[in-house]
Amino acid sequence: MGVSLGAGVALAHFQGREDSADPAARAPLSAEPPSVAPTTASPSPKPKPTPSKKPKPKPTPKPTATKKKTPAVPQSGPGTFTTATASGKITGTSGTLRRYRVQIEEGVDLSARGTAEEIEAILAHPRSWAAHGRGRFQLVASNADFVIRIATPDTADALCARQGLNTHGELNCETTDGVVVNLKRWMLGSPTFSGSPQQYRHLIINHEVGHEIGIRQHMGCGGPGKPAPAMMQQIKGLNGCRSNEFPYSEEGIYITGPIVS
């Protein structure tokens, strides 16, 4: 509701008045007024400016770091898989051609096609197997030589157990028809690996595909401070080595270590 404000103004009227003294007592008009010595008024001191206090700037609020949520990994799934309907170019120029397809357990929050393309990029990396003449690879949707499956921990355990392997709900394995990747490792990485889950995925694929191309044995650390071989089970400990996801160094040298199993 609006409020109307009225302004009242009071006017004061002052009238001048003549003296009531006798006219004879007035000084003649021709008389000069008495001289009055001029007084020199001392100048009033200028007021000192009062320093104005500048308001203190308000501190800029620091941005609050938002913690990334840890992806939820279901413990089990239906045990059935979706095949990525994707195909790619041949990676590598020498060695046996191995065609692979990618399958994701149903009910898992992963794009089959997107995951297949990520795996394709891993195998095409300049520090991976194909770039160094250890085989050629091609992503296909059917008629594959081996399959790469990403499965929940319970399903991964069941698939690996058929090969007599106990993966404890934590590990990946290689089977007679391909690679089984534990969804937990794919999404979360490894507590012993210093890189991101995306980097750890390189190690998963390079390690398990290394078995596919005929490297059956595992390696140990080649020496304190050295990069761990891709064929080392780095999730079980680094033993003085540094985390490493690639079979080859940046100089193209194969990263190796003592045979341990």
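Is Arg216 buried or exposed? In this predicted model, Arg216 has a relative accessible area of 51% and is exposed, because exposed means over 50%. Its salt-bridge partner is Glu174, and the two side chains meet at 2.8 Å, N to O. Arg216 lies in the segment after helix H4, whereas Glu174 belongs to strand S5, so the pair ties together parts that are 42 residues apart in sequence. Glu174 has a relative accessibility of 17% and counts as buried, because buried means under 20%.

Side chains of opposite charge can pair when their charged atoms come close. By the rule used for this model, the count comes to six salt bridges.

Helix H1 covers residues 112-123 and helix H4 covers residues 197-212. Their axes come within 10 Å and cross at roughly 70 degrees. Angles of 65 to 115 degrees count as roughly perpendicular, and H1 and H4 are therefore roughly perpendicular to each other. The crossing of H1 and H4 is right-handed. On the H1 side, the contact is made by Glu118, Ile119, Ile122 and Leu123. On the H4 side, the contact is made by Arg201, His202, Ile205, Asn206 and Val209. Sorted by type, the residues of this contact are five nonpolar, two polar and two charged.

Which side chains meet in a salt bridge at 3.0 Å, N to O? They are Arg201 and Glu118. Arg201 sits in helix H4 and Glu118 in helix H1, and the pair links distant parts of the chain, 83 residues apart. Arg201 has a relative accessibility of 9% and therefore counts as buried. Glu118 has a relative accessible area of 26%, so this residue is partly exposed.

The next bridge is in another part of the chain. The side chains of Lys184 and Glu170 meet in a salt bridge at 2.8 Å, N to O. Lys184 is in helix H3, residues 183-188, and Glu170 is in the loop between helix H2 (153-161) and strand S5 (173-175). Lys184 has a relative accessible area of 25% and is partly exposed. Glu170 counts as partly exposed too, at 29% relative accessibility. Glu170 and Lys184 are joined by Arg185 in a network of salt bridges.

The last topic is the backbone. Most residues other than glycine have a negative phi, and most peptide bonds are trans. His168 is exposed, with a relative accessible area of 57%.

Asn143 is another residue other than glycine with a positive phi, near 55 degrees. Asn143 lies in the loop between strand S3 (136-139) and strand S4 (146-151). At 71% relative accessibility, Asn143 counts as exposed.

Notes. Residues numbered from 1 in each chain as written. Predicted model: local features only at pLDDT ≥ 70, side-chain atom pairs only at ≥ 80, totals over all residues. Heavy atoms only, no water. Axes fitted to C-alpha atoms, helices over the stretch in contact; angles between N-to-C directions. Helix = DSSP H or I, 4+ residues; strand = E, 2+ residues; numbered from the N terminus. Parallel < 35°, antiparallel > 145°, perpendicular 65-115°, else oblique. Left-handed = near helix turned anticlockwise from the far one by under 90°. Contact = heavy atoms within 4.5 Å. Nonpolar A, V, L, I, M, F, W, Y, C, P; charged D, E, K, R; others polar. Salt bridge = Lys/Arg side-chain N within 4 Å of Asp/Glu carboxyl O. Buried < 20%, exposed > 50% of the residue type's maximum accessible area, 1.4 Å probe, protein only.
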